[in-house]
Every structure is written in structure tokens, then in C-alpha cells.
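Here are my notes on this model, point by point. Have it open while you read, and start with the charged pairs.

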Amino acid sequence: MHIHGLQKLAMVDYPGKLAATVFTGGCDLRCPFCHNALLVTRLAETPEIPAEEVLAFLATRRGLLDGVVLTGGEPLLQPDAADFLRQVRDLGFAVKLDTNGCHPAALADILDQGLADYVAMDVKNSPARYAETVGVPNFDLAPVKESVRLLRQSHIDYEFRTTLVRELHTGADLDDIAAWLEGAPRYFLQNFVDSGNLIGRGYHGFSAAELHAFAARMAPHFGAVAVRGVE
């Protein structure tokens with residue numbers, strides 16, 4: 001495991017639970033609006049934390065924390081992600097996995113072994129604009145579609161979520177996403193926030209009113225729709 005960050009107490013990363021958040025390094029996407037370039041294109045600037053050290057810390061938090069979030073970067077790039085989650089599970093924690101959906105075989109393995117309780121999958125944009133949005137020319141959407149299918153047929157709790165960027169997302173794009181993901185139990189709209197540590201430049205979020213209007217537009221298509229990242 002290439003772990004490059006540990007948030008020892010996270011109040012909102014795992015819905016309904018107090019959690020620690022583990023950040024892995026590396027990602028196969030280059031979303032220009034990515035808020036954490038340190039974990040994608042500038043890994044050399046962020047020292048690694050040994051997995052044993054993270055697990056030892058978690059062992060001291062049994063009974064104090066409810067869960068652990070494995071995020072990135074893209075955690076399913078790590079060939080031993082399932083082994084790490086098994087050890088987290090053995091400590092008694094609930095597990096939330098964040099993924100971009102590019103590694104359906106690894107996701108299927110984790111789902112089949114029952115190593116995650118909740119999965120949050122980023123859906124970057126409508127299929128027609130995916131390559132542009134993820135910064136990968138000629139991007140192959142098939143693995144992402146397979147990850148969507150795996151989650152939809154699973155019995156696990158999951159959500160789809162999209163970070164909205166004024167320069168990359170329109171109402172028509174959201175209509176296409178709704179048609180693609182129709183009937184999913186949860187869909188979250190997250191507002192882009194410039195962290196000052198982006199891969200690209202010149203990106204902006206939406207106003208709270210615009211985001212809530214988008215949420216109302218999406219609401220008929222999902223079990224629940226909500227907005228994150230606005231007051």
C-alpha cells in the first residue's frame with residue numbers, strides 16, 4: 001500500500017459515522033479540477049506512511065471510531081487494497097471505499113469478499129464528455145460502466161457523486177448522467193472548490209442557488225439527491 005495521508009478524525013467523509021480517512025497515492029485520471037494534485041502528480045512531495053503504522057494507529061481507536069474511509073488518489077490502483085481492508089475489517093471497523101470506477105475487477109473482488117460496507121463512486125460527467133473531464137484523451141468508459149453495473153447489482157450501500165465545475169458541466173450533461181444512472185439510491189452533487197492545489201487552472205464552482213436547482217432537476221431520477229459543498 002502506498003499511503004500518503006491519514007486524517008485521524010473525519011466527521012463527514014463517512015455518512016453517519018466517525019471515521020479515520022486513509023489517502024493512497026496515485027491516480028489513473030488527470031481531472032484538471034482535481035483538488036489534490038499532491039496525491040496525483042506530485043507524490044514525491046508527500047512522504048509515505050507505512051501501512052503497519054496506520055493499522056497500529058487504528059488499533060488504538062477501536063471503540064472510539066466507527067469506520068475507516070479508503071480514498072485517494074485512486075485506492076484501487078493499489079494491488080493490496082483488499083488485504084489492507086481485510087485488516088481494517090479485522091480491527092472491527094466499518095469500511096467506506098471511494099473510487100473513480102476505473103478498476104471494476106478490483107472492485108468486484110472487494111464486493112465479493114464483503115470488505116466494504118459503503119462505496120462512493122465518482123461519476124465525472126456525461127459519457128460524451130468523460131474524456132474531456134478526466135483529462136485523458138480517448139478515455140475508455142467501459143470499465144467505469146462496468147463498475148456502475150457492479151454497484152447497481154450489489155447489495156451494498158453505495159452512492160454516485162459528481163463534482164460540478166462551471167466550465168465542464170451543464171444542465172444537459174446532468175440530464176445525460178440521470179439517464180445513465182436512473183434509479184440509483186443516492187446521488188450527490190458536490191460543488192467544485194479551488195483548493196489552490198489543482199492540476200489545472202481557471203475553474204470555478206456554481207452558486208448555491210444553481211446547485212440546488214440542479215439537484216431539483218435530478219431528484220426525480222434517484223432515490224435521494226443532495227448537494228454538498230455549499231453553506
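1. First, the term: a salt bridge here is a side-chain nitrogen of Lys or Arg within 4 Å of a carboxyl oxygen of Asp or Glu. On that basis, searching the whole structure turns up 12 salt bridges. Bear in mind that this is a predicted model, where local features need pLDDT of at least 70, side-chain atom pairs count only at pLDDT 80 or more, and totals for chains, interfaces and linings use all residues. Residues are numbered from 1 along each chain as its sequence is written, and side-chain values use heavy atoms, with hydrogens and water left out.

2. Have a look at Arg129. Its side chain meets that of Glu132 in a salt bridge at 3.1 Å, N to O, and Arg129 also forms a salt bridge with Asp173, with the closest N and O atoms 2.8 Å apart. Helices (H or I, at least four residues) and strands (E, at least two) are DSSP runs, numbered from the N terminus.

3. The cut-offs are under 20% for buried, over 50% for exposed and partly exposed in between (1.4 Å probe, protein chains only).

4. Helix H5 has a pair of its own. Glu146 and Arg149 form a salt bridge (2.7 Å, N to O); they are 3 residues apart in the helix, so about one helical turn separates them. Glu146 is partly exposed at 29%, and so is Arg149 at 38%.

5. Ser147, also in H5 (residues 142–153), is buried, with a relative accessible area of 0%. Leaving aside residues up to four places away in sequence, Ser147 touches Gly101, His103, Pro104, Leu107 and Met121; contact means heavy atoms within 4.5 Å.

6. Another spot to check is the salt-bridge network that links Lys96, Asp98, Asp122 and Arg161. Asp122 and Arg161 turn up again among the residues nearest the centre of the largest pocket, together with His35, Thr163 and Gln190.

7. As for the lining of that pocket, strand E6 (157–164) is one of the elements giving two or more residues, and E6 has the largest share, 4 residues.

Definitions and conventions:
1 Å grid on protein atoms, 1.4 Å probe; cavity = no way out; pocket = protein on both sides within 12 Å on 5 of 7 lines; lining within 4 Å.
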